[in-house]
Amino acid sequence: MTFYKKFSPFYNLGIFYFTISFILRVVLFFHPITQSSFTFMESLKIFLLGLLSDFFVFIIATVFLWFYLIFISNSKYNKPSGYIILGILIALFAYVASGKSILDEYGGALPRIVLIFIGIKCVLFSLLLFLPKLRDKIRYWLFAFVVFLYVLLILQNGLSEYFFWNEFGVKYNFIAVNYLIYTNEVIGNIMQSYPVIPLFSALFLITGIVTYFILKNAKSYIDAIPTFKEKLKISALYLTLFIVSLVAIPALAKTENSKNVFVNELQSNGLYKFYLAFKNNKLDYFKFYKTLPNKEAFAILKQQFPNISGENTIRKIGSDSAENHKNVVLITIESYSAEFMKAYGNKQNITPFLDNLAQKSLQFTNLYAAGNRTVRGLEAVTLCLPPTAGESVLKREDNKNKFSTGAIFKQKGYNVKFMYGGDAFFDNMQDFYSGNGYQIIDKSSFAPSEISFSNVWGVCDEDMYYKAIKVMNVEAKQNRPFFNHIMTVSNHRPFTYPNNKIDIPGDIKSRDGGVKYTDYALRKFFAMASRQPWFKNTVFVIVADHCASSAGKTELPMDKYRIPAFIYTPDGKPEKFNKLMSQIDIMPTLFGLLHFDYHSKFFGQDVLKSDYKPRAFIATYQDLGFIKDNVLTILSPKQQVRQFKLKLVPTAGIAPEYQIHYDEKCMKKERTDLVNETISFYQTASVMLKEKKYQM
């Protein structure tokens with residue numbers, strides 16, 4: 001066997017991996033969600049540097065293949081070495097099975113996984129030891145299984161990257177890591193959203209065919225097992241490439257520095273992106289971001305909140321009028337972009353009820369979501385603070401007894417509840433809301449007779465609203481006002497809902513259908529609520545949790561954070577508030593309308609006050625954005641700061657207050673005042689959380 005053939009398992013799998021990666025890049029390059037055109041040099045960068053990244057990632061990923069191949073030999077089955085090795089494996093199995101191994105100190109599933117692995121190794125080694133005549137066949141099928149597994153993982157990863165791009169317009173990120181935690185909802189979502197049986201049948205068929213051809217070209221490795229000396233040469237070359245790859249992969253990642261985010265995403269390797277997301281799920285603001293001395297940061301914050309003193313945000317909020325303890329219903333709508341509504345330019349008439357209700361409400365026409373995940377939207381309306389780096393507060397260990405909107409309502413004598421049609425375990429909602437004094441009504445609270453339709457995310461919105469009406473009817477008899485926060489679920493992939501409700505069937509899995517059914521269910525809710533005795537004494541706050549998509553040409557595309565929000569009071573006067581504002585301002589503004597007197601720690605403000613200074617916060621888990629004076633300032637890890645001048649790109653036929661599209665042009669000259677103000681907000685919020693100053 002010539003020396004290069006000894007590498008046949010590696011280069012045959014490599015050729016297949018590079019082919020799949022190239023095809024994937026081409027598909028994503030021309031995908032409708034890739035809202036960009038590319039220059040020749042950008043295209044060259046995407047495919048050439050992308051191929052280099054794939055090569056080095058492939059080297060790292062085949063470490064298990066190298067480890068498996070390097071230990072293939074016949075000599076280890078000779079007497080007495082074969083019996084000694086088997087004895088060691090059996091002893092190791094007994095040690096792990098005893099329940100007193102070092103692995104048990106880590107707990108979880110690790111001891112069981114290791115036990116299964118060693119058990120399988122014992123069985124296979126025994127077969128190869130005691131059945132020498134079948135050794136070649138057994139080894140061939142083991143080799144075939146390893147190759148099959150690699151081919152399957154390569155194809156599965158390609159499919160996963162495609163579907164993730166189809167949903168979010170990026171390679172793997174923090175969301176993909178979260179999806180590993182909530183496997184029930186995520187797998188259920190996949191099962192209900194896509195034709196899984198045909199898809200996986202085709203996947204396994206293709207895997208089998210590809211494995212056959214790779215085996216045909218690579219089985220020479222096990223037909224003529226390399227000698228010990230040859231294995232040393234193979235290992236020397238492989239380990240050299242392995243070490244080079246460890247240096248080259250992060251170096252290539254640094255070249256993903258285009259102003260066009262799609263160039264960076266298409267150039268990147270999805271597996272490495274997943275590793276980075278997993279590694280960086282916790283970001284210490286003070287380690288990764290540009291900072292100011294704390295005293296200076298709070299001094300700048302004092303310009304926004306003149307009444308604060310020292311390094312905190314405590315201030316007295318007062319009113320000249322008597323407090324109005326009306327009931328409050330806060331509805332956060334899943335994935336509801338402003339562009340779904342008629343006023344913002346939608347011509348499909350998919351939100352007829354909300355279009356009408358908005359005209360009867362106090363509308364906030366220029367409001368931005370804090371983030372692009374549900375947990376960020378819930379954090380914004382519950383804690384009213386900027387979206388700090390890393391995970392949302394909802395999902396952190398220190399997430400209880402925070403200064404929250406629910407706490408203010410409880411101080412005023414309200415019953416406080418969080419209502420969710422799904423399992424509140426998802427995204428740690430149950431732990432967060434119960435730890436902050438909310439009573440939780442979720443799917444587990446529903447009797448079977450109360451569920452007419454459900455999918456993997458929970459009961460349909462109609463069922464949730466029927467349940468909410470029942471709960472509020474009971475609360476209204478307790479002579480206490482109520483605050484109920486309802487989180488909807490129906491406008492989420494797979495976009496299934498009861499048939500014969502709207503003119504888009506519920507089983508065709510259409511986003512437009514999900515939006516329109518959400519609107520329909522809200523109309524039913526208000527129709528039911530209007531017949532209840534408590535209705536006229538209730539304020540309804542309606543706001544999206546985030547937009548339907550966060551994909552765009554820039555890191556923080558403005559139109560992907562613009563959401564509808566309004567406050568409806570029966571018999572109230574319609575009004576528009578057109579100034580720039582943030583999702584974190586909704587509830588402090590409501591408290592102002594109710595004339596609440598309270599001591600506040602909120603970063604959110606009553607935007608109707610004369611001293612309000614328009615600004616907004618938008619962020620991913622690592623890019624922290626601040627909008628003010630038509631400038632978007634972004635803080636990123638490694639102390640990076642970028643600023644973009646925002647230029648409105650008007651859409652014909654849409655009123656000025658509903659325009660959502662902006663060009664983001666990189667600024668050559670820094671607005672230092674805005675950089676410092678951005679740092680001030682995000683740093684002080686991080687200080688408040690880190691030093692436990694945001695507790696009740």
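**Salt bridges first**

Modeller: Let's start with a charged pair: D54 and R25 form a salt bridge, with their closest N and O atoms 2.6 Å apart. The two come from distant parts of the chain, D54 in helix α2 (residues 40–61) and R25 in helix α1 (residues 8–29), 29 residues apart. Do keep in mind that this is a predicted model.

Colleague: Does D54 count as buried or exposed?

Modeller: D54 counts as buried because its relative accessibility is 3%, and the cut-off for buried is under 20%. R25 is buried too, with a relative accessible area of 4%.

Colleague: How many salt bridges turn up in the whole structure?

Modeller: A search of the whole structure finds 29. One of them joins K470 to E450, with the closest N and O atoms 3.1 Å apart. K470 sits in helix α20 (residues 461–476), while E450 is in the loop between β6 (439–441) and β7 (454–455), 20 residues apart.

Colleague: And how covered are those two?

Modeller: K470 is partly exposed, at 47% relative accessibility, whereas E450 is buried at 17%.

Colleague: Where is D623, then?

Modeller: D623 lies in the loop between β15 and β16, and its partner R642 is in strand β18 (residues 640–648). D623 counts as buried, at 10% relative accessibility.

Colleague: Tell me about β16. Why is it described as largely enclosed?

Modeller: Five of the five residues of β16 (residues 624–628) are buried, so the strand is largely enclosed by the rest of the structure. Both faces are covered, with L624, F626 and K628 on one side and G625 and I627 on the other.

Colleague: Which strands does β16 pair with?

Modeller: Strand β15 (residues 616–619) pairs with β16 in the antiparallel sense over four bridges, and I618 stands opposite G625. A hairpin through four residues connects β15 to β16. Strand β17 (residues 631–636) also runs antiparallel to β16, joined by five bridges, and there I627 stands opposite L632. The β16–β17 hairpin has two residues between the strands, and D629 in that turn has a positive phi of about 55°.

Colleague: Switching to helices: what does α23 look like?

Modeller: Helix α23 (residues 672–690) has 19 residues and reaches 26 Å from its first C-alpha to its last, close to the expected 27 Å. Of its 19 residues, 15 are buried, so α23 is largely enclosed by the rest of the structure. K692, which follows α23, has a positive phi near 55°.

Colleague: What about the surface? Which residues form a nonpolar patch?

Modeller: Y83, V123, L127, F130, L131 and L134 do, with about 520 Å² of accessible area together. Helix α5 (residues 110–130) gives the largest share, three residues. Y83 comes from helix α4 (residues 81–97) and counts as partly exposed, at 40% relative accessibility.

Colleague: Last one, the big picture: how many helices and strands are there in the protein chain?

Modeller: The protein chain has 23 helices and 19 strands. Its radius of gyration is 29 Å, close to the 26 Å that the globule rule gives for 696 residues, so the chain is as compact as a globular protein of that length. Buried residues make up 56% of the 696.

How values were computed: Residues are numbered from 1 along each chain as its sequence is written. This is a predicted model: local features need pLDDT of at least 70, side-chain atom pairs count only at pLDDT 80 or more; totals for chains, interfaces and linings use all residues. Side-chain values use heavy atoms; hydrogens and water are left out. Patches are made of residues with over 30% relative accessible area and no salt bridge: like charges are joined within 9 Å, nonpolar side chains (Val, Leu, Ile, Met, Phe, Trp, Tyr) within 5 Å. Accessible areas come from the Shrake-Rupley method with a 1.4 Å probe; for residues, only the protein chains shown count as cover. A salt bridge is a side-chain nitrogen of Lys or Arg within 4 Å of a carboxyl oxygen of Asp or Glu. Buried means under 20% relative accessible area, exposed over 50%, partly exposed in between (1.4 Å probe, protein chains only). The expected span of a helix is 1.5 Å times one less than its number of residues. Two strands pair if DSSP finds at least two bridges between them. The radius of gyration is taken over C-alpha atoms; the globule rule is 2.2 Å times the number of residues to the power 0.38.
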